[in-house]
Amino acid sequence: MAFDGVLFTNIRYFDKTPIGILINRFSKDTYFADERIVFVFGNFLVMIGAFFAAIIILCISNWYFLLVLLPFMALMIFILHFFLKTSVEVRRIEAMERSPVMSHVSGTLNGISTIRASGQVEVYREKHYRLRDRHTSTQMMFKATERWLSVRLDAIVTLIGFIASLIFIFLRDSIGYQLAGLGIVYIQNRLGQFQYSIRLGAECENLMTAVERIFSLSELPAEEEEEIRNNKLTTDVVVDNNVPDRTNTEAGVIEFKDVSLRYDAPYRLCCHDINFKTKTSRKK
């Protein structure tokens with residue numbers, strides 16, 4: 001759908017949109033949508049399923065564990081909600097800053113002979129590094145937000161494990177040494193995986209920005225969509241429902257009468273009432 005949207009959209013769109021944006025969406029964003037998000041979401045389901053299985057076993061062995069888990073779970077959800085508000089926007093900014101880098105590389109390679117001939121290599125090199133620095137700064141910002149979440153999740157998980165272990169130790173006589181030991185082992189093994197599953201869920205939400213950017217291409221307005229799809233376009237210029245005589249064009253004569261020109265519908269006229277006529281067998 002995204003490729004069809006680009007293929008049939010208004011030509012004016014390509015004048016206003018840098019080529020790097022299209023390359024970015026059909027390369028990096030497509031990779032995120034087709035491969036990365038599937039891998040992350042699959043791991044998230046596995047980790048969260050194993051965690052809830054461990055929670056069921058722990059609650060069966062000692063239901064007091066729920067008194068510790070539920071408040072901290074509410075705190076984790078609050079922190080995750082606060083984190084996603086920022087991380088999604090940072091991921092979107094990072095994707096936007098990646099597009100100028102691709103545009104610059106594409107344009108530089110297309111005009112490399114002219115750049116070398118005019119001695120502008122250092123200018124383009126400095127611009128490339130400047131664009132890379134801006135993109136890298138957004139990547140570092142996103143990594144910083146991830147570390148912010150990890151530190152808080154690690155602290156909460158450690159606190160849960162410590163309190164839950166104390167409960168199992170103090171109640172070992174009532175629940176039995178076997179269940180107490182099983183509960184402590186599950187706490188130590190599964191709570192770390194739960195912290196990782198929360199991070200995977202947050203990453204999956206961030207990767208959805210790539211899907212959003214790809215689908216935005218499918219919503220581009222089409223230019224004479226039905227005529228293009230059905231190959232009904234003709235090469236004849238029709239004015240007032242009359243096809244002009246081709247005699248003058250075959251002789252090399254072109255005549256303009258009161259012709260005005262604008263680049264697109266919302267813009268003002270750039271040429272007004274042009275009148276001229278070329279003579280046959282003449283270059284000027």
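Guide: Here's a walk through the helices, their packing, their salt bridges and their nonpolar cores.

A word on ground rules: this is a predicted model, so local features need pLDDT of at least 70 and side-chain atom pairs count only at pLDDT 80 or more, while totals for chains, interfaces and linings use all residues. Residues are numbered from 1 along each chain as its sequence is written, and side-chain values use heavy atoms, with hydrogens and water left out.

The protein chain has 11 helices and two strands, and along the sequence the pattern reads α-α-α-α-α-α-α-α-α-α-α-β-β. Those labels are DSSP runs numbered from the N terminus: helices are H or I with at least four residues, strands are E with at least two. Of the 284 residues, 32% count as buried (under 20% relative accessible area; exposed is over 50%, partly exposed in between, with a 1.4 Å probe and protein chains only). Among contacts with a separation of 6 or more, 76% are between residues 24 or more positions apart (contact means heavy atoms within 4.5 Å).

Let's start with α5 (residues 65-110) and α7 (residues 121-170), which pack at an angle of about 170° with their axes 9 Å apart. Axes here are lines fitted to C-alpha atoms, for helices over the stretch in contact, and angles run from 0 to 180 degrees between N-to-C directions. That angle makes α5 roughly antiparallel to α7 (over 145 degrees; under 35 is roughly parallel, 65 to 115 roughly perpendicular, the rest oblique). The contact of α5 with α7 involves 30 nonpolar, nine polar and nine charged residues. Nonpolar covers Ala, Val, Leu, Ile, Met, Phe, Trp, Tyr, Cys and Pro; charged covers Asp, Glu, Lys and Arg; the others, Gly among them, are polar.

Now for the charges. The whole structure has 11 salt bridges (a side-chain nitrogen of Lys or Arg within 4 Å of a carboxyl oxygen of Asp or Glu). One of them pairs R213 with D29 at 2.7 Å, N to O. R213 sits in α9 (residues 177-218) and D29 in α4 (residues 28-61), so this bridge ties together parts 184 residues apart in sequence. Both R213 and D29 are buried. E203 and R36 also form a salt bridge, at 2.8 Å, N to O. E203 belongs to α9 and R36 to α4, so that pair links parts 167 residues apart in sequence. E203 is buried at 15% relative accessible area, whereas R36 is partly exposed at 26%.

Through shared partners, salt bridges join D29, R91, E94, R98 and R213 into one network.

On to the greasy side. The largest nonpolar core holds 27 residues, and F65, L69, M76, L149, I160, I187 and F194 touch the most other members. Such a core is a set of buried Ala, Val, Leu, Ile, Met, Phe, Trp, Tyr and Cys residues joined through side-chain atoms within 4.5 Å. The elements giving two or more residues to this core are α4, α5, α7 and α9, and α5 gives the most, with nine. Leaving aside neighbours within four places in sequence, L149 contacts I79, L80, F83, R199 and A202. A second, separate core has eight residues, including I37, V40, L207 and V211.
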